[in-house]
Amino acid sequence: MDAETMRYVDQLNDDDVSVRLQALRALMQKVHEGKIEKPQQGDDVNNHIHTTYSFSPYSPTKAIWMAYRAGLKTAGIMDHDSISGAREFIEAGKIAGIATTIGVECRADFSNTPLNGRRINNPDQKSIAYVAIHGIPHTQIDAVRNFFVPYVKERNKRNALMVDRINQIFEPFGIHLSFEDDVVPLSKSHEGGSITERHLLYALSLKLVGKLGKGQALVDFLVDDLKLEVNPRVAGYLLDAENPFYEYDLLGALKSDLVPRFYIDATRECPDVREVVELTRSIGAILAYAYLGDVTDSVTGDKRSQKFEDDYLELLFEVISELGFNAVTYMPSRNTIQQLKRVKALCEKYGFFQISGEDINSPRQSFVCTHLRNEEFRNLVDATWALIGHEKMATHDINKGMFSPDIVYRYPDLNERIDIYKMIGQGLDSGDDL
């Protein structure tokens, strides 16, 4: 890669969005001129890419570039409690020629449902579950942003309190974090981004590397002083002082075992699930439950072995059906084929739209989920194009979305609707007949 190209790639994460987008234009011009080899494209898709507006090594523009270079046909932004990167993501997708979809991931409170007191899909807290609002009409971006503003404020109050707990743990080792000086600058909170536990852990990782350096001394500190159970694969990464992703790998080691020691339950920052259902309905988007499933060996190295929904999955599907969810999203790379077939069968039984997305928030993760190339999951590729078609139509008129009452009445069969919106998403049908 020549110096000019490297400079443009670096600028994809510039603080100024206009610089980021201009750098992408310059890179795509190099592709068109044959100065950068055009990647091979298949049918790969990904609907769940985090950006710097929650936690990620990638700005929305850099995320699109990485998706393009990986050969993705489509890319979807999915930040925690924030939609502030969506317009940039949409514009970057147009520049790179990638079809895009936008959404928000948030935690919803299921305390007032039959799932109260259960470990749902949240490793840190019972009764709270992650859900994904997909296919947000572009006319509704500001409405979504306004909905999350008070919840993000409450989250930051808890973030600051968790930093205090981290400092209590690390005070004997001469390590101290400042929420305002060490954590906030790592985020896009001043631009409507959210601050997550990963930001706290990344700031702590920087402090630990600054104090102990990289390699054996740091691994010994994690095991002997903090009494963490470090995954052998992650330990290998941390023993390599030349590892370019060192702080992210250290974050993963800390997240899997340290979080329970400083975690404070989220309360006022998690809307009741019925509020999220109503928001999604009112803006013409698609609400999906994010299936996690019992975890054994975490593919990202940041989740410990733990049981989640599998023991009561039928009940969970009954509850989300009664609440008014439209879809279930799941990740083929994270579960066994037995788990996935069970989820698929339940989706078909309850009439849920099936969506996939491999959540990207670390530089070690591939933007391509090769499991989606399995014919067993061909429906998830089709669903992505249907999601894009939905977003196009709902942006024009929210009453034209896949799950609007009028469209469901006219096309009650979900598979027929998927086929219709898939054609629209692929540009093979204008949607004028809807």
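Visitor: What should I know about the model and the numbering?
Guide: This is a predicted model, where local features need pLDDT of at least 70, side-chain atom pairs count only at pLDDT 80 or more, and totals for chains, interfaces and linings use all residues. Residues are numbered from 1 along each chain as its sequence is written, and side-chain values use heavy atoms, with hydrogens and water left out.

Visitor: What is the strand order in the sheet?
Guide: The order is S1-S2-S3-S4-S5-S6-S7 in an open sheet of 7 strands with mixed pairing. Strands (E, at least two residues) and helices (H or I, at least four) are DSSP runs numbered from the N terminus, and two strands pair if DSSP finds at least two bridges between them.

Visitor: Which strands stand at the edges?
Guide: Strand S1 (45-49) and strand S7 (353-356) do. Each has a single partner strand, so one side of each lacks a neighbour in the sheet.

Visitor: And how are neighbouring strands turned against each other?
Guide: By 30° on average, direction ignored.

Visitor: How many bridges join S2 to S3?
Guide: There are 7 bridges between S2 (residues 74-80) and S3 (residues 99-109), and the two strands run parallel. Thr74 stands opposite Ala99 in S3.

Visitor: Switching to helices, how do H2 and H4 cross?
Guide: The axes of H2 (residues 17-32) and H4 (residues 86-96) come within 9 Å and cross at roughly 15°. Axes are lines fitted to C-alpha atoms over the stretch in contact, with angles from 0 to 180 degrees between N-to-C directions. That makes H2 roughly parallel to H4, a term for angles under 35 degrees.

Visitor: Which residues meet there?
Guide: From H2, Val17, Arg20, Leu21, Leu24, Arg25 and Met28 meet Glu88, Glu91, Ala92, Ile95 and Ala96 of H4, contact being heavy atoms within 4.5 Å. These residues divide into 7 nonpolar, no polar and 4 charged. Ala, Val, Leu, Ile, Met, Phe, Trp, Tyr, Cys and Pro count as nonpolar, Asp, Glu, Lys and Arg as charged, and the others, Gly among them, as polar.

Visitor: Now the loops. What about phi of Ser127?
Guide: Phi of Ser127 is near 70°, a positive value in a residue other than glycine. Ser127 is in the loop between S3 and strand S4 (128-134).

Visitor: Is Ser127 buried or exposed?
Guide: Ser127 is buried, at a relative accessible area of 6%. Buried means under 20%, exposed over 50%, and partly exposed in between (1.4 Å probe, protein chains only).

Visitor: And Lys227?
Guide: Phi of Lys227 is near 60°, also positive in a residue other than glycine. Lys227 sits in the loop between helix H8 (216-225) and helix H9 (232-239), and is exposed, with a relative accessible area of 57%.

Terms used. Angles under 35 degrees count as roughly parallel, over 145 as roughly antiparallel, 65 to 115 as roughly perpendicular and the rest as oblique.
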